[in-house]
Amino acid sequence: MQVLVLGAGYVGLSTSVTLAYLGHEVVLVDINPERVESVQAAHSPILEPGMDELLAEVRSQGRLCAAVDAGGAVGRADVAFIAVNTPPDVASGDANMAYVQAAAVSLGRQLDPSHQVVVVNKSTVPIGSANLVKSWVEDGWRSTHPGASPNGTFTVASNPEFLREGQALSDSLYPSRIVLGTDVPWAMERLKALYAPLVHQSFPAPQAVPRPAGLTTPIPVAATDRVSAELVKYASNAFLATKISFANEIAAICERVGADVTQVMAAVGQDPRIGPQFLEAGVGWGGSCFGKDLSALMHTAREYGLQPVLAEAAVDVNRRQRLWLVRQLQATLKTLKGRRVAVLGLTFKPGTDDLRDSPAETVIAELARLSARVAAHDPVAAEAARQAWPYPAEYVSHVGDALVGAEAVLLVTAWPEYATLDWAQWKDALERPLVLDGRNLWAPDDLRRLGIEYYGVGR
Ligand SMILES: NC(=O)c1ccc[n+]([C@@H]2O[C@H](COP(=O)([O-])OP(=O)(O)OC[C@H]3O[C@@H](n4cnc5c(N)ncnc54)[C@H](O)[C@@H]3O)[C@@H](O)[C@H]2O)c1
């Protein structure tokens, strides 16, 4: 099929590369010329395993090209995805739809009445937005065809995305489920045909992104109405965030009663009704999705006079949990003024270069407020953090530069390279051998045996 994708971020790029790999012809449009140039040069503008390899493959086969303007590609497209950003609107708590609006209007302007297209919302949008997108596409159409009706030329469907950063391509090629929301039969048939190779996994797995062992086919397809599809996304993220906050609430109880949350949640997760994932206690969740999606879901609930008590509690627990490291540090060192503190890990989770709504920012902001001297390290995002975050901190690209002379080491992001830090070597470089493990990454006994004072979350 001819596919158009608006937005070359984590979602749009992964969708484009995946669909091109499956054999579709994809045009990827982004208003950011640097991202477009990077895709054209077969160099991924984002850090994702396998992306460079697959991008090079689909580019060399001529199945994916990128541009700053869709041009005639809208008129040829069988399916046009909107995968632009929907950042939080700080004032209202709802999602900011300005980028989606601009994308929808630009599609409408270039519709070709002789060719039917399914416009697909892949961005995470507030519930009921499909109607808004329809009206914006019509606005675009009317601006170029005064008086004419676009009736029948397009329909809007919802197809939320569930990929995780750091494994975006694996999640795109081997999804847990595909949610298709539309009441229009021809649109549903077209989307099912688009995704058929994914559903039946009828493609050779690329070497760079191997098929997970035990993947069962067909991949489930949830065919729903549009509003339900939109709500699936919010409900999924709210549930996952709540699971983590639940583990953190149990962790706080563990600390008081002398239990170890890693042992507790490991056994809790063995119940198949609960499952082991997202039960890790730590310094809380972050990233570009959970916070804004919970906020948008709560906003919608309140619009209807409902109080979203569970979502509110998940957010409250997370707010408190992000400060766990600083509170523990105060309890141990008492005063923080002038103390040199190493902060390890800045991205919101390992395996990504994404700093959006990262717990590390909350930690560094609070340490700066308390006049500690922060030396922060991240394997990929130290320089980006220096530019993005306005706090007086030193950002270093060698972990040793953060550790030397530190009076405390605070782990925020569980990058694998931290798991293998040789503490026997680094202990002597520390001003004081104090480690606060915000992700329960290290074995407490191993560090304590070396004479390091160790605290983990809920342990
Ligand atoms: N990142 C994730 O893990 C993830 C997972 C699932 C869903 N989502 C949702 O998917 C959407 C996209 O997220 P993302 O992380 O890929 O965002 P992103 O910020 O990485 O990328 C969005 C891209 O859209 C481009 N853009 C903005 N307006 C445009 C326009 N009018 N035309 C063309 N391009 C335009 C931007 O320049 C940017 O490159 C959001 O709604 C997000 O909530 C994200």
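Me: How many residues does α9 have, and how far does α9 reach from its first C-alpha to its last?

Reply: An α-helix has 3.6 residues a turn, so residues three or four places apart point the same way. In this predicted model, local features need pLDDT of at least 70, side-chain atom pairs count only at pLDDT 80 or more, and totals for chains, interfaces and linings use all residues. Residues are numbered from 1 along each chain as its sequence is written, and side-chain values use heavy atoms, with hydrogens and water left out. Helix α9 has 32 residues and reaches 47 Å, close to the 46 Å expected at 1.5 Å a residue; the expected span is 1.5 Å times one less than the number of residues. Helices (H or I, at least four residues) and strands (E, at least two) are DSSP runs, numbered from the N terminus.

Me: At what angle do α9 and α11 pack?

Reply: Two packed helices are described by the angle between their axes and the distance between the axes. Here α9 (residues 226-257) and α11 (residues 290-303) pack at about 115°, with axes 9 Å apart. Axes are lines fitted to C-alpha atoms, for helices over the stretch in contact, and angles run from 0 to 180 degrees between N-to-C directions.

Me: Which residues make the contact?

Reply: Among them are Leu 231, Tyr 234 and Ile 244 of α9, and Phe 290 and Leu 297 of α11; contact means heavy atoms within 4.5 Å.

Me: Where is there a cis peptide bond?

Reply: Most residues other than glycine have a negative phi, and most peptide bonds are trans. The bond from Thr 217 to Pro 218 is cis, with omega near -5°. Pro 218 lies in the loop between α8 (185-199) and β8 (221-224). Asp 357, not a glycine, has a positive phi of about 45°, and is found in the loop between β9 (340-344) and α14 (359-369).
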